[in-house]
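Dear colleague,

I am handing over a structure that you have not worked with before, and I would be grateful if you could read these notes with it open beside you. The sequence and the structure come directly below.

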Amino acid sequence: MPNDKKPSAVLDTEFDPRKARPRLKEGLVPEDTGIWLSIEEGPDAGRTETLSPGGVYTIGRDGADIPLNDTKVSRKHAEIGLYGPDAYMVRDLASTNGTLLNGKAVGDRARLRNGDLVRVGDTTIRIDILEGTLPISE
């Protein structure tokens, strides 16, 4: 007969957000660089998000920084990290269906470049990185 009881330490553990590292959301990408993601295929096709401030963004279903209405996407599927000039990364967060970058499986992490295609579930996301841009108006 299997033992369905979990140790009491597991049941009593609570997440304390004050002890977690804050995720960066700005100040890492030069001011003259614009970074966007555009959803090319999938239930959210046509949507565009700006990532220009830099930082770390989770891709997933409800509760993610970039929420997707794709049933093949895990709750926390992948992460885009914009750490500074030419340090733009994508990594899979141990998702069920994996993450592809330009058709190849993403392991621990992979570098993002302008025009790259990231695939999570049935959703294809294009990354646009424009360096040395000028503001249209002030």
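This is a predicted model: local features need pLDDT of at least 70, side-chain atom pairs count only at pLDDT 80 or more; totals for chains, interfaces and linings use all residues.

Residues are numbered from 1 along each chain as its sequence is written, and side-chain values use heavy atoms, with hydrogens and water left out.

Overall make-up

The secondary structure comes to 1 helix and 11 strands, where helices (H or I, at least four residues) and strands (E, at least two) are DSSP runs numbered from the N terminus. Along the sequence the pattern reads α-β-β-β-β-β-β-β-β-β-β-β. Of the 138 residues, 36% count as buried; here buried means under 20% relative accessible area, exposed over 50%, and partly exposed in between, with a 1.4 Å probe and protein chains only. The accessible surface comes to about 9,200 Å², of which 50% belongs to carbon and sulfur atoms; such areas come from the Shrake-Rupley method with a 1.4 Å probe, and for residues only the protein chains shown count as cover. Among contacts (heavy atoms within 4.5 Å) between residues at least 6 apart in sequence, 44% join residues at least 24 apart.

Strands and their pairing

An open sheet is formed by 6 strands in the order 2-1-11-10-7-8, with antiparallel pairing; two strands are said to pair if DSSP finds at least two bridges between them. Its edge strands are strand 2 (48–50) and strand 8 (104–105), each of which pairs on one side only. Within this sheet, strand 1 and strand 11 run antiparallel and are joined by 7 bridges, and Leu37 has Ile127 in strand 11 as its bridge partner.

Strand 6 (residues 88–92) is largely enclosed by the rest of the structure, because 4 of its 5 residues are buried. Strand 5 (residues 78–82) runs antiparallel to strand 6 and is joined to it by 5 bridges, with Tyr88 of strand 6 as the bridge partner of Leu82. The hairpin of these two strands has 5 residues between them, and Gly84 takes a positive phi near 150° there. Strand 6 is also joined by 2 bridges to strand 9 (residues 110–111), again in an antiparallel arrangement, and Met89 stands opposite Arg111 in strand 9.

The nonpolar core

A nonpolar core is a set of buried Ala, Val, Leu, Ile, Met, Phe, Trp, Tyr and Cys residues joined through side-chain atoms within 4.5 Å. The largest one has 24 residues, of which Ile80 and Ile125 touch the most other members. The elements that give two or more residues to this core are strand 1, strand 3 (55–60), strand 5, strand 6, strand 10 (117–120) and strand 11. Not counting residues up to four places away in sequence, Ile125 touches several residues, including Leu37, Ile39, Ile59, Leu68 and Val118.

His77

His77 is found in the loop between strand 4 (66–67) and strand 5, and it is buried, with a relative accessible area of 0%. The side chain of His77 reaches the backbone nitrogen of Ser74 at 3.0 Å. Leaving aside neighbours within four places in sequence, His77 is in contact with residues that include Ile59, Lys72, Asp92, Asn97 and Val120.

Salt bridges

A search of the whole structure finds 8 salt bridges, each being a side-chain nitrogen of Lys or Arg within 4 Å of a carboxyl oxygen of Asp or Glu. Arg126 forms one with Glu40, the closest N and O atoms being 2.6 Å apart. This pair links distant parts of the chain, since Arg126 lies in strand 11 (residues 123–130) and Glu40 in strand 1 (residues 34–41), 86 residues apart. Arg126 is partly exposed at a relative accessible area of 28%, and Glu40 is partly exposed at 39%. Arg126 also forms a salt bridge with Asp128, at 2.8 Å between the closest N and O atoms; Asp128 counts as buried at 17% relative accessibility.

Kind regards

Technical notes: A polar contact is a pair of N or O atoms within 3.5 Å; within protein, one must be able to donate a hydrogen and the other to accept it, and residues adjacent in sequence count only if both atoms are side-chain atoms.
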